[in-house]
Every structure is written in C-alpha cells, then in structure tokens.
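Please look over the sequence and the structure below before reading on. The text then goes from the whole chain to single residues.

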Amino acid sequence: MQEFFTDWGGWIFGASVLMFLGSLWFVSWLIIRLPYDYFLTHNVGIRHANQLVHYLWLLVRNLFGILLIASGVAMLVLPGQGVITILLGLSLMAFPGKNRILRWILERKSVRKTMNWIRRKAKKPPLVFELVLGYEGPSNDDRQQFGRSRLDVTGNDVAK
C-alpha cells in the first residue's frame, strides 16, 4: 500500500488541486453567465423544429447536469464548491420536481450570498431569488454601472 502512495501520491495530489481550481473557475463562470432573473422564470428551454434535435439536446443537458451533480456530491467531502455545483447541475436538468428542489437549496442564505458575491466581483447585477412586487430589475445605479439604459422585468433592454 505504501508503494502505491509513493508512486501515485503526487499525481493524485496534483489532480485534486487541478480539479479544485478548475471547479472554482467553472462554477464561477456559470454563475456569472446566468441572467439575473434565472430563478424567477420557468426556463423550459428552446423547442427545436426537429424533434430529434430537441431530444438529443435534452439528453446532453441532462447528462451534463448529472455530471455536475456527481461532481458536486464529491465536492461535499473533497475541496470545491459542492452545494453550488449541485445547484447548477439541477438547474440544467429537466425532471419533475426540479423547481421544488431548487427552492429548497436556494432557501439557504449562504448559497444565495455566495452566488451574489461571485456576481458582484464580476460586476454583474445580483441574482433575484424571490419575486418582489414592483421590482423592475436592477436599480438605476446598477443600470449605469453595468452599461444598460433601461431594463424591463425580464432583463431585456427597452427604449426610453
């Protein structure tokens, strides 16, 4: 057994560090790319004209989501952002009860705070997790900071 660690220990350590750094970058990149109202809208995805293309795309999304969930579960005991990776994997997938599970994870204030901290560092508007009556997107200060003239509720630019 000691021989195994002397031969492979350095490689295993190097791979662990590489996976940790890669997960930090990749998960952050995904969070930054999300629209600010992603968790408010029911994202049903794009319906392709060709049914085969639609189901292949759905299969690819679900397989990638499963890969992210498995990685996130591993990151619960290994270095990495486990809960956020699981959340992103669930967000990609399409299955019954998805929104209920996402809401349960997003009830954790630490998860919401971490995701918005990542977005703030990238100068992106914070994610909105709950519908607030009268909310029309980022504030005027945020619109100027992020280079947008005016946003409607969906986050699209509209004419003045």
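This is a predicted model: local features need pLDDT of at least 70, side-chain atom pairs count only at pLDDT 80 or more; totals for chains, interfaces and linings use all residues.

Residues are numbered from 1 along each chain as its sequence is written, and side-chain values use heavy atoms, with hydrogens and water left out.

The chain has six helices and zero strands, and its pattern along the sequence reads α-α-α-α-α-α. Helices (H or I, at least four residues) and strands (E, at least two) are DSSP runs, numbered from the N terminus. Of the 160 residues in the chain, 29% are buried; buried means under 20% relative accessible area, exposed over 50%, and partly exposed in between (1.4 Å probe, protein chains only). The accessible surface of the chain is about 11400 Å², and carbon and sulfur atoms account for 65% of that surface. Accessible areas come from the Shrake-Rupley method with a 1.4 Å probe, and for residues only the protein chains shown count as cover. Among contacts (heavy atoms within 4.5 Å) between residues at least 6 apart in sequence, 51% join residues at least 24 apart.

Helix H3 spans residues 82–92 and is mostly covered, with nine of its 11 residues buried. Leu30 belongs to helix H1 (residues 2–33).

Lys123 sits in the loop between helix H5 (109–121) and helix H6 (140–145). Its phi is near 60°, a positive value in a residue other than glycine. Most residues other than glycine have a negative phi. Is Lys123 buried or exposed? Lys123 is exposed, with a relative accessible area of 55%.

Lys123 also gathers with Lys109, Lys113, Arg120 and Lys121 in a patch of positive charge on the surface. Patches are made of residues with over 30% relative accessible area and no salt bridge, with like charges joined within 9 Å and nonpolar side chains (Val, Leu, Ile, Met, Phe, Trp, Tyr) within 5 Å. A salt bridge is a side-chain nitrogen of Lys or Arg within 4 Å of a carboxyl oxygen of Asp or Glu.

Key. Lys and Arg count as positive and Asp and Glu as negative; His and the chain ends are not counted. The place of a charge is taken as NZ of Lys, CZ of Arg, CG of Asp or CD of Glu.
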